[in-house]
Amino acid sequence: MIIGFLDYWISGLQQSNNPSIQSRKLLLNLYRTRTRMKKLITAIIGAGTVSHLHAAALMNVEESDFIAVCSRSVERANALAQRYGVKAYTDIEEMIKANGVQAVMVCTPHPVHAEVALRAITTGAHVMVEKPLASSLTDCDAMIAAAKRANVKLAMISQRRLYAPVQRIKKAIDEGKIEPALGTVTLFGWRDRAYYESDPWRGKWKDEGGGVLVNHAPHQLDILQWLMGPIEEVFGYWANLNHPYIEVEDTALALIRFKSGALGNIVLSNAQNPALYGKIAVFGKNGAAVGAQTDGGAMFVPGISKIQEPPRNDLWTIPGEEHLLEQWQQEDAAFFERIDATTYYHQLQIQDFLRAICENREPMITGEEGRKTVELFTAIYLSQRDRTPIKFPLSLAA
Ligand SMILES: NC(=O)c1ccc[n+]([C@@H]2O[C@H](COP(=O)([O-])OP(=O)(O)OC[C@H]3O[C@@H](n4cnc5c(N)ncnc54)[C@H](O)[C@@H]3O)[C@@H](O)[C@H]2O)c1
């Protein structure tokens with residue numbers, strides 16, 4: 001509220017060249033910087049593989065005072081807490097109330113995102129949820145409504161949006177350099193038996209909510225919609241081609257008609273050994289094409305493997321800009337060497353979330369944005385079930 005008022009005041013002052021006003025402006029900017037750097041008391045719920053990325057980020061960003069971790073498993077909570085020197089809990093409400101926690105990161109399996117987020121929201125905390133927002137639209141709607149009622153922020157992690165090659169595509173679209181006519185997502189990944197057996201919830205409809213669509217491809221589904229805009233209709237198939245010991249799909253295909261009239265296709269697989277790549281491409285009405293390889297080789301598994309190759313633009317034929325491709329590839333490869341890509345993008349997005357709370361603005365990826373991916377994968381499941389194209393928006397009764 002105060003920040004909002006100051007922002008309004010400062011933007012008014014910025015119109016003026018009056019020196020006394022200039023010095024007041026300086027003071028205000030200083031105050032604003034100080035206020036923005038205020039620390040929020042933060043905590044993590046869920047103490048498995050991805051929680052380490054969140055813990056590292058919460059230790060590093062200046063807006064965070066990382067204080068506690070909560071998990072259903074006391075052993076896991078204790079292990080994570082000891083590693084980062086914070087307190088361990090098994091009760092969400094107790095952790096939030098005892099420490100005045102202001103923002104939590106939800107790092108539990110997807111089907112419990114909603115239950116956990118709702119408990120945090122109703123206890124007064126702002127919530128950032130790992131992808132996907134939830135495994136059902138009903139859960140998404142409950143979370144979004146609860147956050148609105150409690151006047152807290154709800155955000156979802158989708159860190160690949162922050163990759164420079166993906167940002168370049170978005171910028172080219174926003175600047176009208178390419179008007180999307182066709183969007184494609186291709187993910188040729190691999191998960192082995194040891195992966196599926198690493199936690200009891202993996203590979204099961206009830207506990208994981210789905211397979212490659214729900215757990216491994218939400219990043220690419222999120223980016224596709226972010227670039228291409230709202231969906232009109234989807235037709236999809238899914239199958240389990242190579243993993244007889246799991247219930248859920250390891251392969252999914254879909255055709256999309258976007259509201260803009262553009263078309264799209266999705267080919268997702270966790271059944272290619274070795275994993276090859278994850279790519280996204282946008283083909284424009286003027287014939288130009290832009291694309292990015294978001295994942296080279298296997299997608300990383302937090303705590304087990306690292307990101308293997310730098311994300312890179314692999315296609316750029318916007319007239320007059322073709323020569324930029326090689327330059328960007330070199331820049332991105334050099335940048336990749338300077339950062340830990342496995343934690344860097346989580347940290348950027350978590351910092352944005354905490355700043356959004358301090359500045360009382362929307363975070364980069366809201367609950368509503370996260371819901372779009374859930375609507376897309378739900379439509380693919382429904383399309384296969386009913387053998388028909390599915391119109392958007394989905395009816396919750398379907
Ligand atoms: N953004 C990414 O790149 C990325 C990468 C991996 C995983 N993820 C996401 O992170 C989430 C967690 O995945 P993971 O691999 O860390 O899982 P995991 O099984 O390693 O860890 C889950 C943790 O949640 C705890 N838990 C389960 N139910 C709970 C409850 N009701 N209350 C409190 N704690 C509970 C478990 O005890 C465990 O500590 C998933 O949604 C997954 O999609 C995101």
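This is a predicted model: local features need pLDDT of at least 70, side-chain atom pairs count only at pLDDT 80 or more; totals for chains, interfaces and linings use all residues.
Visitor: Which residues of α15 are buried, and what follows the helix?

Guide: The buried residues of α15 are G367, G370, R371, T373, V374, L376, F377, T378, A379, I380 and S383. An α-helix has 3.6 residues a turn, so residues three or four places apart point the same way. After α15 comes R387, whose phi is positive, near 55°.

Visitor: Why is L224 called buried?

Guide: A residue is called buried when 20 or more other C-beta atoms lie within 10 Å of its own, and L224, with 26 such atoms within 10 Å, is therefore buried. L224 belongs to helix α12, which covers residues 218-228. Leaving aside neighbours within four places in sequence, L224 is in contact with G183, V185, G264 and I280. The C-alpha atoms of L224 and A281 are separated by 8.7 Å, although these residues are 57 residues apart along the chain.

Visitor: What makes H52 count as buried or exposed?

Guide: H52 has 20 C-beta neighbours inside 10 Å, and because the cut-off asks for 20 or more, H52 counts as buried. H52 lies in helix α3, residues 51-60.

Visitor: Why is strand β2, residues 64-70, described as largely enclosed by the rest of the structure?

Guide: Six of the seven residues of β2 are buried, so the description follows from that count. Strand β2 pairs with β1 in the parallel sense over six bridges, and within this pairing A43 stands opposite A68 in β2.

Visitor: What makes β1 and β4 count as paired strands?

Guide: Pairing requires at least two bridges, and β1 (residues 40-45) and β4 are joined in the parallel sense by four bridges, so they count as paired. I44 has M105 of β4 as its bridge partner. Strand β4 is also joined by four bridges to β5 (residues 126-129), again with the strands running parallel, and in β5 the bridge partner of A103 is H126.

Visitor: Which way do the residues of β4 point, and are they buried or exposed?

Guide: From β4, residues 103-106, A103 and M105 point one way while V104 and V106 point the other way, and all are buried. In a regular strand the side chains alternate between the two faces of the sheet. Leaving aside neighbours within four places in sequence, V104 is in contact with A43, I44, I45, A120, A125 and V127.

Visitor: Which residues of the largest nonpolar core touch the most other members?

Guide: This core has 95 residues, and V69, V104, V106, A120, V127 and M128 touch the most other members. The largest share of this core, six residues, comes from helix α14, residues 341-359.

Visitor: How do you know which strands are the edge strands of the open sheet of eight strands?

Guide: The order of this sheet is β13-β12-β11-β7-β10-β9-β8-β14, with mixed pairing. The edge strands are β13 (312-316) and β14 (390-391), each of which pairs on one side only.

Visitor: What surrounds the ligand, and how does the shell divide by class?

Guide: The ligand is surrounded by 25 residues, the closest being G46, G48, V50, R72 and E130. By class, the shell has ten nonpolar, ten polar and five charged residues.

Technical notes: Residues are numbered from 1 along each chain as its sequence is written. A residue is near a molecule or strand if its C-beta atom, placed from the backbone, lies within 6 Å of it. Ala, Val, Leu, Ile, Met, Phe, Trp, Tyr, Cys and Pro count as nonpolar, Asp, Glu, Lys and Arg as charged, and the others, Gly among them, as polar. A nonpolar core is a set of buried Ala, Val, Leu, Ile, Met, Phe, Trp, Tyr and Cys residues joined through C-beta atoms within 7 Å. A residue is buried if 20 or more other C-beta atoms lie within 10 Å of its own, exposed if 12 or fewer, and partly exposed in between; C-beta atoms are placed from the backbone. Helices (H or I, at least four residues) and strands (E, at least two) are DSSP runs, numbered from the N terminus. Two residues are in contact if their C-beta atoms, placed from the backbone, lie within 7 Å.
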